Amino acid sequence: MDHVDHWWQLTALANAVVLAAYLAISYAIARGLWQSRQWRNNPLGLATASIFFSCAVHHGSHVVHLMLPYIGWDMHAGTAMRMAFGMDFHAAAWDSVTAALAVWYWTLRSRFPALVRGAALFEDLRLRQAAEATLRASEQRYREIVETTSEGVVLLDGDGRIGYANDRFAGMVGRAPAELPGTSVLDLVAATDRPATVAALAEVTGSGATPFEVGLHTRDGRVVWVRIALTARAGDAGEPAGALAMVTDVTEQKSIEAQLRQVQKLDAVGQLAGGLAHDFNNLLTVIDGYAALLIAQADAAAKDDLTMIRDAAARASGLTRQLLTFSRAQTARQRVVDVAGLVGSVEVLLRRLIREDIGLLVSAGPAPSVARVDPGQLEQVLVNLAINARDAMPNGGTLTLHTDRVVLDGRRADELTAQPGDHVLITVTDTGCGMTADVAARAFEPFFTTKEQGKGTGLGLSTVYGIVTRAGGVVRVDSRPGAGTTFEIYLPATDEAPTDLPHGLEPQPLTAGTETVLLVEDDPAVRQLTERILTTAGYRVLVGVDGEHALAVASAHADIDLLVTDVVMPGMNGQQLADRLTHMRPGLPVIFTSAYTRGALTHTEEKASVAFLDKPYTAAALTQKIRSVLDAAVDVDTINV
């Protein structure tokens, strides 16, 4: 019996220890739930505390039952109760083990305080899963934004190396996204823009920096212009960890800006050229006119000198015409032209312009290549391109001209900034030294030239650009250093029948006439020269120094067969004068003369009774134009009768 009592005492002690441990654990968990305010939304922790508390109550009942004999109950009754609860030696052993485990569990609180102090161990698994799902959804949402944004997104480390780049940025530089991590961003930046990029990376702050523009090299050698906005990145401890770069492709915007600057330059030069052209061409008219008159009376030696004077005047006239053409101030007289035929007709002229060591190949496609264009200006385009090609082949080579009819679809038309549809394509190709991308980009700028001083004015390609765009076409250049240059000219095609082109004429004598001509010219030198030419040709000449004076002269003379008037004059211009005189004298033929109309002339198309003569003009050209207009007017009158 003493042996059994001894084990009951040990069992009671073990249950007492377990009771204390479970109560302490239950209290610690409940206290943690209360302090963290999770007792309402953390059922797992609350259940754990309840389980430990119920276990404590159970072991407490064991202690009470074991202690009953010692608080006055009958020993036999206590024995019976212990037997009823099944407390034998094995139960006592289990209680002792449980007590030892409880003591060991309690000692772990110093190493793992969350086990008993906090509720983190007992957080609801569903809450954690919901939080993780929310985090994954947020990450996916931001990843979709980064990958689908129209801007490039780049993460840079402290050394300026790429840690991450989205697909948009990779597409800008023509590389796969997997190739970029580890690449220094400076390796992608154009050499001239690297100092600015280094400075921007060094100065970036958490609030961001002012966006700056740089050029990025693509895999195929092109330069893409981008605008970069940098924002500093911080590490977990708040230390600087690099920068976030938002990259916007502004290549198209830069192209538009360049075109706008080109237009502004053309407008500025056009204003300058137009202001000078009128007076300058008046002087050239006088120089060439008097030289032409003197040639008929001069000996052989003097004729040679006078011919040189006329040649110099013609070259000066060509320079002025180029200024006016690319500035859109030159009056264009468009007609339906067989472009292939025109190119073939200037072949002889081009062979004279290029050297003997340069071969010239001219070909045409089978389809009709008809366009509406000023034939004289198109010839000037071909001459300018041929001269450029000649200068690009100092050691000889081949110049090829080809015409064809092509169809531009929507995509190709957008690339060329042209209208979709049928176009006449003129291709001019040389095997010369070629141009770098920077030089080719500036090829059409006025006064830009890579030639030596005195060997180029920088107006040739500007003139080409002005003529082609004015005709509604597009000009494109493709060139590589050492690989030659190709110019492509696209002109809107037409199905109309081409008109006959005037053939070049050798210098001819004055075309005579006896009609009465009212000459109106505000420049005294030009007026005196023109009056002398017309008088020499047999015409009766009435002279007006300006519009008002011409009206007075016309009122005093009933018999006037033709009005020859300058366009740009002080006060009343030539158009206004012609309108008033033709109202007073219906059917009066008119010839306008000018080098620069300044928008004052609205009738630019040739008609039977209205014509236009460019300044500077020759004596033969003036009298031929007068004779043709007078004869056309007579034919019209005959038909009307």
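**View 1. The largest cavity of this predicted model holds about 80 Å³ of space.** A cavity here is a set of points on a 1 Å grid over the protein atoms alone where a 1.4 Å probe fits but cannot get out; its volume is the space filled by probe spheres set on the points, which are joined across faces, edges and corners. By this rule there are four cavities of 30 Å³ or more. This is a predicted model, in which local features need pLDDT of at least 70 and side-chain atom pairs count only at pLDDT 80 or more, while totals for chains, interfaces and linings use all residues. Residues are numbered from 1 along each chain as its sequence is written, and side-chain values use heavy atoms, leaving out hydrogens and water.

**View 2. The lining of the largest cavity includes Phe169, Val185 and Thr197.** Lining residues have an atom within 4 Å of a point.

**View 3. Helix α18 (residues 574–584) has Gly574, Gln575, Leu577, Ala578 and Leu581 as its buried residues.** Buried means under 20% relative accessible area (1.4 Å probe, protein chains only). Seen down the axis of α18, the buried residues fall within an arc of 155 degrees, so they line one face of the helix; the arc is that of the directions from the helix axis to the C-beta atoms.

**View 4. The buried residues of α18 pack against β13 (516–520), α17 (547–556), β15 (562–566) and β16 (590–594).** Contact means heavy atoms within 4.5 Å.

Terms used: On a 1 Å grid over the protein atoms alone, a cavity is a set of points where a 1.4 Å probe fits but cannot get out, and a pocket is an open set with protein on both sides within 12 Å along at least five of seven lines; lining residues have an atom within 4 Å of a point. Buried means under 20% relative accessible area, exposed over 50%, partly exposed in between (1.4 Å probe, protein chains only). Helices (H or I, at least four residues) and strands (E, at least two) are DSSP runs, numbered from the N terminus.
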